[in-house]
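Take a first look at the model below. Then read on for a short walk through one of its chains.

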Amino acid sequence: MLEQIFQFLVTGVTVGSIYALVGLGFALIYNASDVVNFAQGEFVMLGAMNAIALLAAGLPLPLAAIAAVLLTALVGLLLERLAIEPAKGASVITTIIITIGAAIFLRGVASLLWGKNSLPLPAFSGDEPIQLGGATLLPQSLWVLGGTIVLVALVHAFFNRTLLGKALLACSFNRTAAQLVGINVQVMLRLAYGLSAGLGAIAGILVAPITFSSYEAGIMLGLKGFSAAIVGGIGNPMGAVAGGLLLGMLEALGAGLISSGYKDAIAFIFVLMVLFFEPTGLFGHKAAERV
Amino acid sequence: MRLTGFFIFAASVALLPVLFPDNYFVTVVGIAAGLHVILAVGLNLLIGYAGQISLGHAAFFGMGAYASAILTTRFDWPGLLAMLVGLLVTGTIAWLLAQPILRLRGHYLAMATLGFGVIVHVILVQATHWTGGPDGLGEIPALSLLGWIVDDDQRWYGVIAAAMLLSIWLSLNLVDSRIGRALRAVRGSEFAAEMMGIDATRAKTQIFVVSALFAAFAGSLFAHQQAFISPDSFSLMISVELVTMVVLGGIASTFGAACGAIALTLLHESLVVFEDYELLIHGALLMAVMIFLPQGLFVGLTQGVRRRWISRIASRQDMKGERNSTVQQ
């Protein structure tokens, strides 16, 4: 029994890492622009699908992965430039619907380009399972965990150590004030979308060998990432990471101990409970204006 | 005078099957459009007038449909009684949910309603014993209204058209009632509304329940009309589509929502040929309308026409004024 639970937790941490990365992408954009980007899951899908397509076109895996991340970052940038910028000053409902429209649009493009079947990406370093104290672990899971740790550390350093990151944060605190001290807010917003899309793409490529990918793979991943961001306290990058891990573990435990069919329901019941009783998130700052 | 638009609309709905009897577009597509209108008009009360987003409205649609389907097939209840119980159950759930959920705003409300929609959908898929699971529930009996059995397309057109007109009429009256005015005040500023003595929480709760009831009503009709339902008809994508209808036609306009519902139904119908492009076009349309006509197609266009009309009248009066002044000289 204990071994089983350990196995669930190992699985949960792997899935949770992906949620954490998607949640981190949400937090990046929310921090810079107060917009919740419902197309975040589509960035994850695009990263994986681009990598699969480029690999099939003959590129070696590392090169295909890098090109896929850059391509997806470009899509993120274009999304900001073509859909978010023209609607500047729109209400929350309007921006939510615009990003939902973008998500549906990107899904449509993906289904036209790559069809509607699930496509695999080969594991980075073989499929030989690793034994770890009674639990089995795919080598790809280690890639996911390692990738997540590196990316989280990079994002943390970016916001705390670099001028660019601090400028981005300044935009979220007060856009006018940021403009006044000479920060080009427009460029910062585009940067946030590009970075967030790139981050999502990396998450997609890391997890594709385990889960495969298809044109609609982004829907649930996006929602879970959004949930992670909400559980952690929206706009708090490290909270989103913690929220993602928590959600992943809870889901794996629920799937293993209760019923695998209900795992999505379990995750969302947890999210609703957090929203009802601790709406600022479990790890959020107690900000008065965010009801 | 206030209901002129309504009577014109009602007359054209009644005339369509007379002008085009046995026309596929009138009966089959018309029935689908009518159900969508009920859903969109109900959701518009919440999104348009109360300013609260719901990304889980398909859940209430599904509750009404499954209540009717389960009670009529498994317990042999008469259709109308099943519908009534479905409305009661959905209304109660909506009321219970409204208390905690409507305290949330903006993105949090979007997430919470979305989560609720996903939970209900998962239950519909997983509770196989009751709902038939992903395979759905079939052999739902035809609706019988006091001995009159609704079993062909013409009759369904009549029933759905009547139900749709009833919903529009209810919505129009609700909007102009005390609660409608209260809601508009809440939408403008919840704080200011409360300062005026409006119980914002109560007003929002009431409209949330009413909106859910509209959806459950449509769901119940949908179940009987289709005779077969499956969870696919109540997924997240459907919730998003319902929101699309409301914003496409025009937020905070009953006829806007109705037009949005009809437009999207026709669009789907005409895109059947280009099935592969459906997602692409749906997404692009949603973005384009929100960016360029955030007040919606119907509201945006009618406002444009009205403005031009007013300015033309104004310029004519100006000309008259000039002539008068020349005469005086």
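How many residues does the contact take from chain B and from chain A? The contact takes 33 residues from chain B and 37 residues from chain A. Here two residues are in contact if their C-beta atoms, placed from the backbone, lie within 7 Å. This is a predicted model: local features need pLDDT of at least 70, side-chain atom pairs count only at pLDDT 80 or more, and totals for chains, interfaces and linings use all residues. Residues are numbered from 1 along each chain as its sequence is written, while chains are lettered from A and ligands numbered from 1 in the order in which they are written.

Stay with the side of chain B that touches chain A. The elements that give two or more residues to this side are α5, α11 and α13 (278-292) of chain B. The largest share, 14 residues, comes from α5(B). By type, the side of chain B that touches chain A divides into 25 nonpolar, six polar and two charged residues. In this scheme Ala, Val, Leu, Ile, Met, Phe, Trp, Tyr, Cys and Pro count as nonpolar, Asp, Glu, Lys and Arg as charged, and the others, Gly among them, as polar.

Now take chain B as a whole. Chain B has 14 helices and two strands. Its radius of gyration is 22 Å, close to the 20 Å that the globule rule gives for 329 residues, so chain B is as compact as a globular protein of that length. That radius is taken over C-alpha atoms, and the globule rule is 2.2 Å times the number of residues to the power 0.38. Helices (H or I, at least four residues) and strands (E, at least two) are DSSP runs, numbered from the N terminus. Along the principal axes, the C-alpha atoms of chain B fill a box of roughly 90 × 55 × 45 Å. Of the 329 residues of chain B, 47% count as buried. A residue is buried if 20 or more other C-beta atoms lie within 10 Å of its own, exposed if 12 or fewer, and partly exposed in between, with C-beta atoms placed from the backbone.

Chain B is divided into domain 1 (4-293) and domain 2 (296-329). These bounds come from an automatic or database domain assignment. The centres of the two domains, taken over C-alpha atoms, are separated by 39 Å. Their contact takes twelve residues from domain 1 of chain B and five residues from domain 2 of chain B. On the domain 1 side, α11 and α12 (254-271) of chain B give two or more residues. α12(B) gives the most, with four residues.

Return to α5(B), this time with a neighbour. Helix α3 (residues 58-74) and helix α5 (residues 106-126) of chain B pack at an angle of about 30°, with their axes 8 Å apart. α3(B) and α5(B) are therefore roughly parallel to each other; angles under 35 degrees count as roughly parallel, over 145 as roughly antiparallel, 65 to 115 as roughly perpendicular and the rest as oblique. Among the residues that make the contact are B:Gly62 and B:Tyr66 of α3(B) and B:Phe116 and B:Leu124 of α5(B).

B:Glu139 has phi near 55°, a positive value in a residue other than glycine. B:Glu139 is exposed, with 9 other C-beta atoms within 10 Å. B:Ala227 also has a positive phi, of about 65°. B:Ala227 is in the loop between α10 (200-226) and α11 (236-249) of chain B.

Conventions. Axes fitted to C-alpha atoms, helices over the stretch in contact; angles between N-to-C directions.
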